[in-house]
Amino acid sequence: LCTLRDTGMVPVFYHRDAAVACQVLKACYEGGVRAFEFTDRGDFACEVFASLVKYAGKECPEMALGVGSVTDAPTAASYLNCGADFVVGPCCGTVAEIVAAQEAGCNLVKLFPAGCAGGPSFVKSVRGPLPRVQIMATGAVEPTEESLRAWFEAGVACVGMGSRLFPAPRLEAGDWMWIAGKCRFVLGVIRSCRRK
């Protein structure tokens, strides 16, 4: 949890090819990321994740590697047995769900889809009556200064970013340096937002 909060941004990614997933993980790591969410979206995702865990142990030793889009305990257990550092569910989009997650023991709540839930203004409003809630906004967070500033000024603990951080043309071209550079930029903006 400290790593997720301290890093401020969690890349959210899935690819069925373990080699591509490992390259993306390494690019994010080189860009300064220390928490990464691999999503349980496709066939054999758990096997790809197991490959990522082995790769991260050698190439990205400070990376907290977790799994997302998990909606049931058996799936969570499978990933934990593979070495997941954290498990993320995509089921909080209302105040009632946020409160229920906190009551269940979640210290960090993933708001998804954050844009559809009301965006930064929703986060700011929720934190009025629930000032201790820690929110990771995912969905509609863009790797731009304007977007990141809006979310952090609203009070998020961290943000999750997927497709906007990994545009398909960059993945297809194997442009890992671009991804690392984009991560560096995002983390720099987050640091700037937190200093204010």
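A salt bridge here is a side-chain nitrogen of Lys or Arg within 4 Å of a carboxyl oxygen of Asp or Glu.

First, the ground rules. This is a predicted model, where local features need pLDDT of at least 70, side-chain atom pairs count only at pLDDT 80 or more, and totals for chains, interfaces and linings use all residues. Residues are numbered from 1 along each chain as its sequence is written, and side-chain values use heavy atoms, with hydrogens and water left out.

How many salt bridges does this rule give? The count is 5. I'll show you some of them.

Start with E145 and R149. Their closest N and O atoms are 3.1 Å apart. Both sit in helix α8, residues 145-154. Helices are DSSP runs of H or I, at least four residues, strands are runs of E, at least two, and both are numbered from the N terminus. Because E145 and R149 are 4 residues apart in that helix, about one helical turn separates them.

Now, buried or exposed? Buried means under 20% relative accessible area, exposed over 50%, and partly exposed in between, using a 1.4 Å probe and protein chains only. R149 is buried, at 14%. E145 is partly exposed, at 42%.

Next, E37 and K110. This salt bridge has its closest N and O atoms 3.0 Å apart. It links distant parts of the chain: E37 is in strand β2, K110 in strand β5, 73 residues apart. Both E37 and K110 are buried.

Last, E62 and R34. Their side chains meet at 3.2 Å, N to O. Both lie in loops, 28 residues apart. E62 is exposed, at 56%. R34 is partly exposed, at 22%.
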